[in-house]
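Hi everyone, thanks for making time. I'd like to walk you through a structure that may be new to you, so please have a look at it with me.

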Amino acid sequence: MEFLIITGMSGAGKSLCVKYFEDIGYFCVDNLPPSLIPKFAEVTVQGNSKIEKIALIIDIRGGAMFLDLMPALENLSEMGIKYKILFLDASDAVLIKRFKETRRMHPLSQDSRVIDGIAEERRILQPIKEKADYVIDTSN
């Protein structure tokens, strides 16, 4: 079974990425609370599931729940479930431009500027980025 965690910066292209993975046959789940990852994996691995390729999109939209990601990944390893992490990134300037174009607010900038939300997100995501198997810069 292929188990892929897709994460990264808000505005870096995770929504487009998940469409691609769906097109190539992955069973995709968007915004699953990280604490549920081990249970989801257990059900798909041990059950009668015929799912062979899974992509989970986990990002900062989950708020404080996102902090459960690292412990959830440790649980997967303890269960013997192998996974890969794909981290999508882009430059600050490109992320700001994308948020302006879509007129959407950054999930962490509700009461501040977009750049402040981006900086905070980078700080929070740094440990998962360091653990990632693949880091793709979508700036261009």
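What volume does the largest pocket have? About 450 Å³. Quick housekeeping before I go on: this is a predicted model, where local features need pLDDT of at least 70 and side-chain atom pairs count only at pLDDT 80 or more, while totals for chains, interfaces and linings use all residues. Residues are numbered from 1 along each chain as its sequence is written, and side-chain values use heavy atoms, with hydrogens and water left out.

Now, what do I mean by a pocket? On a 1 Å grid over the protein atoms alone, a pocket is an open set of points where a 1.4 Å probe fits, with protein on both sides within 12 Å along at least five of seven lines, and lining residues have an atom within 4 Å of a point. Grid points are joined across faces, edges and corners, and the volume is the space filled by probe spheres set on those points.

Back to the largest pocket, with its volume of about 450 Å³. It is lined by 18 residues, and the closest to its centre are Ser-10, Gly-11, Ser-15, Phe-99 and Arg-104. Two elements give two or more residues to this lining, helix 1 (14–23) and helix 4 (92–102). Helix 1 brings the largest share, four residues. By type, the lining has seven nonpolar, five polar and six charged residues. Here Ala, Val, Leu, Ile, Met, Phe, Trp, Tyr, Cys and Pro count as nonpolar, Asp, Glu, Lys and Arg as charged, and the others, Gly among them, as polar.

The second largest pocket comes to about 200 Å³. Its lining includes Met-1, Phe-21, Tyr-83 and Tyr-134. Strand 1 and strand 4 (84–89) each give two or more residues to it, and strand 1 gives the most, three. This lining has eight nonpolar residues, no polar ones and three charged.

Five strands make an open sheet in the order 2-3-1-4-5, with parallel pairing; two strands pair if DSSP finds at least two bridges between them. At the edges sit strand 2 and strand 5 (134–137), each pairing on one side only. On average, neighbouring strands are turned by 20 degrees against each other, direction ignored.

Strand 3 (residues 53–57) has four of its five residues buried, meaning under 20% relative accessible area with a 1.4 Å probe, protein chains only. Five bridges tie strand 3 to strand 1 (residues 2–8), and four tie it to strand 2 (residues 27–30). Look at Leu-56 in strand 3: it is the bridge partner of Ile-5, and Val-29 stands opposite Leu-56 as well. Strand 4 and strand 5 pair over four bridges, and Asp-89 has Asp-137 in strand 5 as its partner.

One last stop. Beyond residues up to four places away in sequence, Ile-128 touches Thr-7, Phe-66, Leu-69, Met-70, Leu-73, Ile-85 and Phe-87, where contact means heavy atoms within 4.5 Å. Take Met-70: 58 residues away along the chain, its C-alpha lies 7.4 Å from that of Ile-128.

Methods. Buried < 20%, exposed > 50% of the residue type's maximum accessible area, 1.4 Å probe, protein only. Axes fitted to C-alpha atoms, helices over the stretch in contact; angles between N-to-C directions.
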